[in-house]
Amino acid sequence: MLPVSALRAALLDWYDAHGRTLAWRAPPGSPPPDPYRVWLSEVMLQQTTTPHATPYFEAFTARWPTVTDLATAEDSDVMAAWAGLGYYARARNLLACARAVARDHGGVFPDTEAGLLALPGVGAYTAAAVAAIAFGRPANVVDGNVERVMVRLFAVGTPLPAAKPELKRLAATLVADDRPADWPQALMDLGATVCRPGRPLCEACPLTGWCAAFASGQPERWPLKTKKADRPHRTGVAWVLRDGQGRVALMRRPDKGLLGGMMGLPTSAWGVSPADAAPPVAADWRAAGAIEHVFTHFSLTLTVRVAEGEGDFVWTDPEAALGALPTVFRKALERGLG
Ligand code: SF4
């Protein structure tokens, strides 16, 4: 294999010419970005694509420009602004972390991986990413894109996710003191735009001279796959109740459990037959079709029923509700509003 220093130089040269321009990013070679922006973007990007996360990032940083601003925000405002990004535990962790930085660190993020890791809700990946990108520490930052590049570069024979520890170890062999902030971003960009899932664009890759998968002639064979267990399917009912002013009945969900603490439509439990679901109030309920939604651990068919009525709910203008509800409820409300 050619020397690691040459591999690094080839990828960093490619990054200088082809790196992505992202809302939270400083261009290659410029002063490091605000740690708050790096941290916020990394939390948002977990399980979310870059195009989907970008408008949320812009809205958050316009409304809460510093970590101290975010720390003083109302929980309900942050949860509503997060609606649609999914994985709502991240929003609760986000607030806990912002408040710890404001309270315990004078509004300044710790500048080491260990210091960042001690913050609430900050895991190994986020600590490494912020340490490298915001503070120029030579940290080993391994996300899904970097894993895929490592799998192919070294033609790793173990399927994911079992290969993860090995991939992290292999990625660590390429970390060095030179341009520590640009290195992980260069690897991520290569994975996102060239060494893509499906067919990699090896003809545009600066690493062909090092890549074992490329040398095999069939780089798309990696990563090797294990058969996925089928995702279980559940059913339930969402109730779209409107009052005499056209407002929609919403409820805050219990803090614990799926979509905990978020506003939602009244629903049955998820896992009951629609025929067995008891409505939240007696009314002339009418069928309004159904929506499909896929969560990480199950898929859901939610039957939608609509009626006019009254009750002890949070009555909300439909437009405001559509902007603030998690995606599954937004879909159900859209269906209920016809
Ligand atoms: Fe990925 Fe192809 Fe580059 Fe190898 S040569 S790292 S498979 S894009």
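Helices (DSSP runs of H or I, at least four residues) and strands (runs of E, at least two) are numbered from the N terminus. With that settled, I counted 14 helices and six strands in the protein. I noted that this is a predicted model, in which local features need pLDDT of at least 70, side-chain atom pairs count only at pLDDT 80 or more, and totals for chains, interfaces and linings use all residues. Residues are numbered from 1 along each chain as its sequence is written, and side-chain values use heavy atoms, with hydrogens and water left out.

**Entry: the whole protein**

I looked up the extent of the C-alpha trace, which spans about 75 × 50 × 30 Å along its principal axes. Of the 338 residues, 48% are buried, where buried means under 20% relative accessible area, exposed means over 50% and partly exposed lies in between, with a 1.4 Å probe and protein chains only.

**Entry: H9 and H10**

I then turned to the pair H9 and H10, whose axes are 9 Å apart and cross at an angle of about 85°; axes are lines fitted to C-alpha atoms, for helices over the stretch in contact, and angles run from 0 to 180 degrees between N-to-C directions. The two helices are therefore roughly perpendicular, a word kept for angles of 65 to 115 degrees, while under 35 counts as roughly parallel, over 145 as roughly antiparallel and the rest as oblique. On the H9 side I found Val 146, Glu 147, Met 150 and Val 151, which meet Lys 164, Leu 167, Leu 170 and Ala 171 in H10, contact being heavy atoms within 4.5 Å.

**Entry: cis peptide bonds**

Most residues other than glycine have a negative phi, and most peptide bonds are trans, so I searched for exceptions to both. The bond from Leu 160 to Pro 161 is cis, with omega near 5°, and Pro 161 sits in the loop between helix H9 (144-153) and helix H10 (164-172). Another cis bond joins Trp 222 and Pro 223, with omega about -5°; Pro 223 belongs to the loop between helix H12 (212-216) and strand S1 (233-242).

**Entry: positive phi**

Tyr 87, although not a glycine, has a positive phi near 50°, and I located Tyr 87 in the loop between helix H5 (75-82) and helix H6 (89-104). Leu 259 also has a positive phi, of about 60°, and is found in the loop between strand S2 (248-252) and strand S3 (263-264). Is each buried or partly exposed? Tyr 87 is partly exposed at 38% relative accessible area, whereas Leu 259, at 7%, is buried.
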